[in-house]
Amino acid sequence: MKTLLIIDMQNAWLADPASPCTDTDGVVQRINHAARHIRAQGGKVIFVQHANADVPIGSAAWQVIPALEQAATDSTVHKLAADAFAATDLAAQLAASASSTLYVSGFASEFCVDSAVRAAASRGLQVVALSDAHTTADRPHMDAPAIIAHHNWVWAGLPPPAGSTLAVRTTAQAFPD
């Protein structure tokens, strides 16, 4: 089964006018496209939502941005760290659904998305980082497009452990019309 992770696409980070993310509308469109394809193929969509003292579970800031399409069949993982596998039931959900390929998308490219890509590969999963379906904001040392390009380059050259694969594909390559 194919599974799409949608990481931290929440109001707290994507609706912050002080720290706008790059190409949010395009990223949302591509994530929705991937999610529709996954659901149509009988796959699983998992929304990963980060919480902390400023963004408590259930708050308006914690909610997934309204532009993302959610279905009743989608599931949620609540996390308190960058790694979506740390102290969560993500690994159990993937095992229960016999996920064969894990597509990764979301926010923030250099933090939680990167952590998920690496953690999934280290667990022997077949990972596809969707190169145009993750975003971040400008940082003091680097602008957002450069951060995204850098991580796509790193993931493309990162040798995964035996038994897993790690590919970097655009959404259109992974889910052609």
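The accessible surface of the chain comes to about 7,900 Å², and 57% of that surface belongs to carbon and sulfur atoms (areas come from the Shrake-Rupley method with a 1.4 Å probe, and for residues only the protein chains shown count as cover). The model is predicted, so that local features need pLDDT of at least 70 and side-chain atom pairs count only at pLDDT 80 or more, while totals for chains, interfaces and linings use all residues. Residues are numbered from 1 along each chain as its sequence is written, and side-chain values use heavy atoms, with hydrogens and water left out.

**Overall build**

- The chain has six helices and six strands (DSSP runs numbered from the N terminus, with helices being H or I of at least four residues and strands E of at least two), and from the N terminus on these elements run β-α-α-β-β-α-β-α-β-α-β-α.
- The radius of gyration is 15 Å, close to the 16 Å that the globule rule gives for 177 residues, so the chain is as compact as a globular protein of that length (the radius is taken over C-alpha atoms, and the rule is 2.2 Å times the number of residues to the power 0.38).
- Along the principal axes, the C-alpha atoms of the chain fill a box of roughly 40 × 35 × 35 Å.
- Buried residues make up 51% of the 177 residues in the chain (buried means under 20% relative accessible area, exposed over 50%, and partly exposed in between, with a 1.4 Å probe and protein chains only).
- Of the contacts in the chain with a separation of 6 or more, 76% come from residues 24 or more positions apart (contact means heavy atoms within 4.5 Å).

**The sheet**

- Six strands form an open sheet in the order β3-β2-β1-β4-β5-β6, with parallel pairing (two strands pair if DSSP finds at least two bridges between them).
- The edge strands are β3 (75-79) and β6 (165-169), each of which pairs on one side only.
- Strand β2 (residues 44-50) pairs with β3 in the parallel sense over five bridges, and the bridge partner of His-50 is Lys-79 in β3.

**Helices on the sheet**

- Helix α2 (residues 24-40) packs on the sheet and touches β1 (2-7), β2, β4 (101-107) and β5 (126-135), its direction making about 145° with that of β5 (axes are lines fitted to C-alpha atoms, for helices over the stretch in contact, and angles run from 0 to 180 degrees between N-to-C directions).
- Helix α4 (residues 109-122) also packs on the sheet, touching β1, β3, β4, β5 and β6, and its direction makes about 170° with that of β4.

**Trp-153**

- Trp-153 is found in helix α5 (residues 144-157) and is exposed, with a relative accessible area of 64%.
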